[in-house]
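Reader: Please show me the model, and then let me ask how its terms are applied.

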Amino acid sequence: MINSIFDDSYFMKQAIKEAEKAYEDDEVPIGAVVVFEQLIIGKGYNQVERLKDPTAHAEMIAITAATNYIGGKYLKGCSLFVTLEPCVMCMGAIKAARFSKLVYAASEPKTGFSLFVEPAYYKKIDLIKGVEQSLSKNLLQDFFLKKRGMQN
């Protein structure tokens, strides 16, 4: 069997590139990519401040891009890679879009969906946690250290 370079780590690194765009825009550095058959069909990064929209999370932007790409509302057979555990709003959109797989890097101990949503809700989604966790955590920690330094 030939190993593909297009594994979960590869696609998470693409999501981290999106998170770096958010960081550069002074947004909380969260990025997401939607993948179908080894092809990125949607990507997004956090734009809550830029758009003054509390729903402009990386996942929501990536989902919209992917549904526009395929011309439909369902993303069955697609995988979502996101650098931070999705919130409840984003998990609702992930379930509504009928994703087959969700991969996230870092857990979110304050607002992550797993704190509020029973596992039965997302049982049809293959869930993988911790892929490239340290890269994501480091980017987030650096961002918040920089923010706190600006406030002093």
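Reader: Which residues line the second largest pocket, and what makes a residue part of a lining?

Author: Lys76, Ile94, Lys95, Arg98, Phe99, Ser100, Ala120, Tyr121, Tyr122, Lys123, Lys124 and Ile125 line the second largest pocket. On a 1 Å grid over the protein atoms alone, a pocket is an open set of points where a 1.4 Å probe fits, with protein on both sides within 12 Å along at least five of seven lines, and lining residues have an atom within 4 Å of a point. This is a predicted model, in which local features need pLDDT of at least 70, side-chain atom pairs count only at pLDDT 80 or more, and totals for chains, interfaces and linings use all residues. Residues are numbered from 1 along each chain as its sequence is written, and side-chain values use heavy atoms, with hydrogens and water left out.

Reader: How do the residues of that lining divide by class?

Author: The lining of the second largest pocket has six nonpolar, one polar and five charged residues. Ala, Val, Leu, Ile, Met, Phe, Trp, Tyr, Cys and Pro count as nonpolar, Asp, Glu, Lys and Arg as charged, and the others, Gly among them, as polar.

Reader: What volume does the largest pocket have?

Author: The volume of the largest pocket is about 610 Å³, and the second largest pocket holds about 220 Å³. A volume is the space filled by probe spheres set on the grid points, which are joined across faces, edges and corners. Helix H5 (133-151) gives the most to the lining of the largest pocket, with six residues.

Reader: Why is Gln47 called buried?

Author: Its relative accessible area is 12%, and buried means under 20%, exposed over 50% and partly exposed in between (1.4 Å probe, protein chains only). Gln47 is therefore buried. Gln47 sits in the loop between S2 and H2; helices (H or I, at least four residues) and strands (E, at least two) are DSSP runs, numbered from the N terminus.

Reader: Which residues of H3 are buried, and what puts them on the same side?

Author: Ala58, Glu59, Ala62, Ile63, Ala66 and Thr67 are the buried residues of H3. They cover an arc of only 155° around the axis, so they lie on the same side of H3; the arc is that of the directions from the helix axis to the C-beta atoms.
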